[in-house]
Amino acid sequence: MSAFASRAGEFRPSPVRAVFETAMDPSVVSLAGGNPDLSVLPGGSVGDLAAQLIRERAGEILQYGSGAGTAGLRELIVRLMARGGSTVTEADVLPTTGSQAGLDLVTKLFCDPGDVILAEGPTYVGALGVFGAYEVDVRHVPVDEHGMDPSAVADALDDAAAQGKRVPFVYVIPSFQNPTGVTMPVERRRELVRVCAERDVMIIEDDPYALLSFNRAQPLASMHGMDPEHVIHLGSFSKIFAPGLRIGWIAAPPEVRGRLQIAAESVVIHPSNLAQSLVTAWVGSEYWEPALDDAVTLYRERWEAMDAALTEFMPSSARWTTPTGGFFTWVTADELVGKDVLAEAIAHGVVLVPGSACYMDGRDSDAVRLAFSGVAPARIREGVKRFAQVLRDL
């Protein structure tokens, strides 16, 4: 259709959403979606809390609200960010309609068409959809077992500068990265902050999995806490409470946060008052921490089930990452090169995310992302067994 803008060609479907109908087939094992398991939530308590909120505060929470978000939620976010070493005030925090909306806002605010963004290679597929919509040049920095290498980032930034290219920010998922599951050590985080600060380049720290460490006693240090002037933090309640509420947040310097609020108001007016109030009441209650502990215990058990199945069924050519939290592992095998792995997997009754989807250029890949968070151990074992058969057939 000739009326479409040129950027319309850059909108790309999510590889997970594209196979949603297939994944819902009970005969198919889905290892594609990075969904939290909500079975650990006491649904009755959440329902009672929602009913109480509406009963007592309907005139407030069902009405229009502030684009700055509710004061109670911002206060809660301040406390959560302190766990990662960030000292923020309510003036630094902007609640958003999910962290995906936050990523869209920062890209809209900072990027012109043709600007360069550095991102991990591979990276979160949802980010690629955002970046494509704003017509930026995404350059991938390879990920190793410790995440993005700061020295490679420095080289890429210097190369872009030598080409006369503007780099508004480096995009990174430092904790239990989506899609690889790897985590950036504290020393590497500090070095990445130093590299970017020296060149006056922002870091967008997308950190929705930070509180999902299998070792809950050791919170991960946030890069935002190391340099709040050069790091914008994206957080989310989707993984630590409920994704259906669509509540996330941005932490940024006040002058940036103010512009982000104006940009957000032009699209959503404000996040849902009801959703914000329910998040504040639940995550601020005595019930949330035990439920989160139960969830992380569940995810650790499911990762152990997946690791055991991979060890049992994978051919000797396969390798995989060993996450210490989060939802994902990244499996590489020579047999995957040059193949339509998703079509082959569906034919074998299993759904996964092909590695090529995690690069802006859709390059050929020898890898797939497997998610273990929302799948029972017996189904995980069956799904891995079917994927192993895919590799043998290839």
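## Cavities

The largest cavity has a lining of 18 residues, and Leu 80, Asp 207, Ala 210, Leu 211 and His 233 are those nearest its centre. The model is a predicted one, in which local features need pLDDT of at least 70 and side-chain atom pairs count only at pLDDT 80 or more, while totals for chains, interfaces and linings use all residues. Residues are numbered from 1 along each chain as its sequence is written, and side-chain values use heavy atoms, with hydrogens and water left out.

Helix H4 (71-82) and strand E8 (231-236) are the elements that give two or more residues to the lining of the largest cavity. E8 gives the most, with three residues. Helices (H or I, at least four residues) and strands (E, at least two) are DSSP runs, numbered from the N terminus.

A search of the whole structure finds two cavities of 30 Å³ or more. A cavity is a set of points, on a 1 Å grid over the protein atoms alone, where a 1.4 Å probe fits but cannot get out; lining residues have an atom within 4 Å of a point. Grid points are joined across faces, edges and corners, and a volume is the space filled by probe spheres set on the points. Around the second largest cavity there are 13 lining residues, of which Val 40, Leu 41, Ile 240, Phe 241 and Ala 295 lie nearest its centre. The table sets out volume and lining class for each cavity.

| Cavity | Volume | Lining by class |
|---|---|---|
| Largest | about 220 Å³ | ten nonpolar, six polar, two charged residues |

## Sheets

E8 also belongs to an open sheet of eight strands with mixed pairing, in the order E2-E9-E8-E7-E6-E3-E4-E5. Its edges are strand E2 (93-96) and strand E5 (147-148), each of which pairs on one side only. Two strands pair if DSSP finds at least two bridges between them. E8 and strand E9 (residues 248-251) run antiparallel and are joined by four bridges; His 233, one of the residues nearest the centre of the largest cavity, has Ala 251 of E9 as its bridge partner. E9 is likewise joined to E2 by four bridges in the antiparallel sense, and here Val 93 stands opposite Ala 251.

In E2, Val 93 and Pro 95 point one way while Leu 94 and Thr 96 point the other, and all are buried. Buried means under 20% relative accessible area, exposed over 50%, and partly exposed in between (1.4 Å probe, protein chains only).

An open sheet of four strands has antiparallel pairing and the order E10-E11-E14-E13. Strand E10 (319-320) and strand E13 (353-354) are at the edges, each with a single partner strand, so one side of each is left without a neighbour in the sheet. Two bridges pair E13 with strand E14 (residues 367-371), and Pro 354 stands opposite Val 368 in E14.

## Helices

Helix H8 (residues 186-198) has 13 residues and reaches 18 Å from its first C-alpha to its last, close to the expected 18 Å. The expected span is 1.5 Å times one less than the number of residues. Arg 188, Arg 189, Leu 192, Val 193, Val 195 and Cys 196 are buried in H8. They cover an arc of only 165° around the axis, which puts them on the same side of H8. The arc is that of the directions from the helix axis to the C-beta atoms. On the face turned away from this buried side are the exposed residues Glu 187, Arg 190 and Glu 198.

In helix H14 (residues 377-393), the buried residues are Ile 380, Gly 383, Val 384, Phe 387, Ala 388, Val 390 and Leu 391. Their arc of only 150° around the axis puts them on the same side of H14.

## Backbone details

A cis peptide bond with omega of about 10° joins Gly 121 and Pro 122, and Pro 122 is in the loop between strand E3 (116-121) and helix H6 (125-133). The bond from Asn 178 to Pro 179 is also cis, with omega near 25°; Pro 179 is in the loop between strand E6 (169-172) and H8.

Arg 246, in the loop between E8 and E9, has a positive phi near 55° and is partly exposed at a relative accessible area of 34%.

Notes
On a 1 Å grid over the protein atoms alone, a cavity is a set of points where a 1.4 Å probe fits but cannot get out, and a pocket is an open set with protein on both sides within 12 Å along at least five of seven lines; lining residues have an atom within 4 Å of a point. Ala, Val, Leu, Ile, Met, Phe, Trp, Tyr, Cys and Pro count as nonpolar, Asp, Glu, Lys and Arg as charged, and the others, Gly among them, as polar.
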